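Please keep the model open beside you as you go.

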Amino acid sequence: MLTPGLTHTSTLTVTTAHTAVALGSGDLSVLATPAMLALMENAAMLAVAPELPHDSTTVGGHISSSHLKPSPIGSTVEATATLTEVKGRKLTFSLSARQTSNPDGTPCDQLIGEGSHLRFVVNREAFIP
C-alpha cells in the first residue's frame with residue numbers, strides 16, 4: 001500500500017561517465033546535475049516499487065532540485081527519496097543528495113542537493129504506445 005513515509009536511498013560512486021563533461025551539461029569533471037537527478041529519481045522509483053502491483057510502475061512527471069556542491073570522481077553520493085503525499089496515481093517525494101565519502105575513501109557528510117519530485121503510477125502495458 002502506498003503511504004507517506006516510504007523511503008529509499010540509492011548510492012553512486014562518481015566515475016567519468018557521471019561527470020558534466022561526459023553528459024554534456026558542463027565542462028568540469030565533477031558529478032553532473034543530470035546524474036544527480038537520475039540518482040534521485042531512482043531512489044523515488046525504488047521507494048514505492050515493492051508496494052505496486054506487478055503490472056504497474058511509476059514514471060517521472062516533474063523534478064525540482066538544487067545542486068549545491070561539486071562531487072569529484074571517486075566520491076560516493078547517496079540520494080534519498082521519501083514519499084510525502086499520495087493523491088490517486090500522483091505521488092510526491094521529498095529528495096536529498098549527500099556526498100558520503102571523498103575520493104580517498106574518507107567519510108564526509110555534505111548536502112549536495114535537495115528538492116521535490118512528482119511521479120505517477122501507470123500500467124506498464126498501457127503506458128507504452
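In which helix is asparagine 42 found? Before the answer, a reminder that this is a predicted model.

1. Asparagine 42 belongs to helix H2, which covers residues 33-48. Its relative accessible area is 28%, so asparagine 42 counts as partly exposed. The side chain of asparagine 42 is joined to that of serine 10 by a polar contact of 2.6 Å. Threonine 82 lies 40 residues away from asparagine 42 in sequence, with 12 Å between their C-alpha atoms.

2. Next, have a look at arginine 119, in strand S5 (residues 107-123). With a relative accessible area of 5%, arginine 119 is buried, because the cut-off for that label is under 20%. Its side chain makes polar contacts with two others: glutamate 41 at 3.2 Å and histidine 117 at 3.1 Å. Beyond its neighbours within four places in sequence, arginine 119 is in contact with several residues, including Ala44, Met45, Arg89 and Leu91.

3. The largest nonpolar core is worth a moment too: it has 26 residues, and Leu2, Leu31, Val48, Leu91 and Phe93 have the most contacts inside it. Two or more residues each come from H2, strand S3 (76-87), strand S4 (90-101) and S5. H2 gives the largest share, eight residues.

Conventions
Residues are numbered from 1 along each chain as its sequence is written. This is a predicted model: local features need pLDDT of at least 70, side-chain atom pairs count only at pLDDT 80 or more; totals for chains, interfaces and linings use all residues. Side-chain values use heavy atoms; hydrogens and water are left out. Helices (H or I, at least four residues) and strands (E, at least two) are DSSP runs, numbered from the N terminus. Buried means under 20% relative accessible area, exposed over 50%, partly exposed in between (1.4 Å probe, protein chains only). A polar contact is a pair of N or O atoms within 3.5 Å; within protein, one must be able to donate a hydrogen and the other to accept it, and residues adjacent in sequence count only if both atoms are side-chain atoms. Contact means heavy atoms within 4.5 Å. A nonpolar core is a set of buried Ala, Val, Leu, Ile, Met, Phe, Trp, Tyr and Cys residues joined through side-chain atoms within 4.5 Å.
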